[in-house]
Amino acid sequence: MKNAPVPANEDPAGGSAGERALAFKAEPSGRPDGSAEREVNTVLLVDDEHEICLLLASMLERAGTRCVIAHTVAEARAALSAQAFDAAFLDVNLPDGLGFSLIPEIKTLGRGTVCVAVSAMDNERHRAMDAGADTFVAKPFDREMILSS
């Protein structure tokens with residue numbers, strides 16, 4: 001199926017890489033009440049680089065979350081219409097648009113999804129934050145940067 005998100009625990013060619021439903025803690029960014037960490041169970045990973053998605057999924061799954069992977073804005077929209085996410089990691093530059101263009105749509109859903117913009121170009125930080133990103137992670141990143149966002 002074209003433009004369908006691929007759960008991180010499935011091989012896009014078919015079959016399954018095994019069950020990977022876990023859970024990690026992420027601090028909600030920008031909360032005025034300074035609330036404590038919240039449990040994150042399901043994360044949407046949107047990046048056109050398959051290796052980046054697999055790396056992020058591996059980091060997050062080992063820390064305890066379930067990941068769904070999308071490689072385009074269209075795939076991300078399909079995933080967002082199919083289920084709720086606790087967080088979304090959005091690459092800025094995608095083949096069919098800008099990842100941060102999804103942020104207003106995600107926020108409109110009213111599910112409290114934490115939006116993390118990810119880009120190799122640090123100069124995109126301001127635009128992503130203006131679009132409503134809760135935080136920005138510059139590539140290359142490490143495990144601690146991902147888990148703290």
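Is cysteine 67 buried or exposed? Cysteine 67 is buried, with a relative accessible area of 3%, where buried means under 20%, exposed over 50% and partly exposed anything in between, using a 1.4 Å probe and protein chains only. Before going on, keep in mind that this is a predicted model, in which local features need pLDDT of at least 70 and side-chain atom pairs count only at pLDDT 80 or more, while totals for chains, interfaces and linings use all residues. Residues are numbered from 1 along each chain as its sequence is written, and side-chain values use heavy atoms, leaving out hydrogens and water.

Searching the whole structure turns up 0 disulfides. For cysteine 53, the closest cysteine sulfur belongs to cysteine 67, and it sits 9.5 Å away, so that is too far for a bond.

Next, a helix. Alanine 57 has its place in helix H1 (residues 50–63); helices here are DSSP runs of H or I with at least four residues, strands are E runs of at least two, and both are numbered from the N terminus. With a relative accessibility of 1%, alanine 57 counts as buried. Take valine 43 as a reference point: alanine 57 is 14 residues from valine 43 in sequence and 8.9 Å from it in space, C-alpha to C-alpha.

Now for the strands. Strand E6 (residues 87–91) is mostly covered, with 5 of its 5 residues buried. Ala87, Phe89 and Asp91 point one way from E6, Ala88 and Leu90 point the other way, and all are buried. E6 has pairing partners as well, where two strands pair if DSSP finds at least two bridges between them. One is strand E4 (residues 42–46), which runs parallel to E6 and is joined to it by 4 bridges; there, valine 46 stands opposite leucine 90. Another is strand E9 (residues 114–119), paired with E6 in the parallel sense over 5 bridges. On that side, aspartate 91 has valine 118 of E9 as its bridge partner.

On to the charged residues. Side chains of opposite charge can pair when their charged atoms come close. Counting a salt bridge as a side-chain nitrogen of Lys or Arg within 4 Å of a carboxyl oxygen of Asp or Glu, the model has 4 salt bridges. In one of them, glutamate 105 meets arginine 77, with the closest N and O atoms 2.6 Å apart. That pair links distant parts of the chain, since glutamate 105 is in helix H3 (residues 103–108) and arginine 77 in helix H2 (residues 73–82), 28 residues apart. Glutamate 105 is partly exposed at 34% relative accessibility, and arginine 77 is partly exposed at 38%.

Lysine 107 is partly exposed at 35%, whereas aspartate 134 counts as buried at 18%.

Note on methods: A disulfide is a pair of cysteine sulfur atoms within 2.5 Å.
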